[in-house]
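Open the model in your viewer and keep the selection tool at hand. The stops below are in walking order.

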Amino acid sequence: MHDVIPTTRGSDRSLLAASLACFAVAGVANATVDGTGLTLGATGVAIAGVYCVARYAQSVTRRTLARTALGLWLAFLGVAGGHAVGLETIGSVAPGPAGATVVALTAVTWATLLAAAGSTIFLGFREYGSPAPADEQMLDGETSDSL
């Protein structure tokens, strides 16, 4: 089926980049929050990130979406390994201010986690909505000859 509104080449990557940016901002704002207003603002930014992931999922093939989800999960696992060591420890070893490194790692952690989860969920929605390649009789191992 052809799209009614054509998309420009490379627009899918900008949607993914926008969603990662939204999730990073929401994660950092939520990690350092003490007030309700900032929490609501972070929630709004995270919702915008989910919208961008949804648009990205519509604009790419299932194979590309699956590869993206897998890549994001691997990136998250790599960044999450830094949490085992401790963000402050990494911040003290990395060049530059330790606080900036901690904030950057927190942003990357939240961005990869939420984008990976969102892309996996939208991939699941796409797979659930696709027509089944085999009928139920074939899945049970029965054939029409054995009946």
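Predicted model: local features only at pLDDT ≥ 70, side-chain atom pairs only at ≥ 80, totals over all residues.

Stop 1: Select residues 62–85, which make up helix α3, and then residues 98–129, which make up helix α5. The two pack with their axes 8 Å apart, at an angle of about 150 degrees. Angles over 145 degrees count as roughly antiparallel, and α3 and α5 are therefore roughly antiparallel to each other. Look along the contact for the handedness: α3 passes α5 in a left-handed crossing.

**Stop 2: the salt bridge.** Stay with the two helices and show the side chains of Arg62 and Glu127. They form a salt bridge, and their closest N and O atoms are 3.5 Å apart. Arg62 belongs to α3 and Glu127 to α5, so the pair ties together parts that are 65 residues apart in sequence. The salt bridge count comes to 1. Are these two side chains buried, partly exposed or exposed? Arg62 counts as partly exposed, at 37% relative accessibility. Glu127 is also partly exposed, with a relative accessible area of 41%.

Stop 3: Leu70 is exposed, because its relative accessible area of 53% is over the 50% cut-off.

Notes: Residues numbered from 1 in each chain as written. Heavy atoms only, no water. Helix = DSSP H or I, 4+ residues; strand = E, 2+ residues; numbered from the N terminus. Buried < 20%, exposed > 50% of the residue type's maximum accessible area, 1.4 Å probe, protein only. Axes fitted to C-alpha atoms, helices over the stretch in contact; angles between N-to-C directions. Parallel < 35°, antiparallel > 145°, perpendicular 65-115°, else oblique. Left-handed = near helix turned anticlockwise from the far one by under 90°. Salt bridge = Lys/Arg side-chain N within 4 Å of Asp/Glu carboxyl O.
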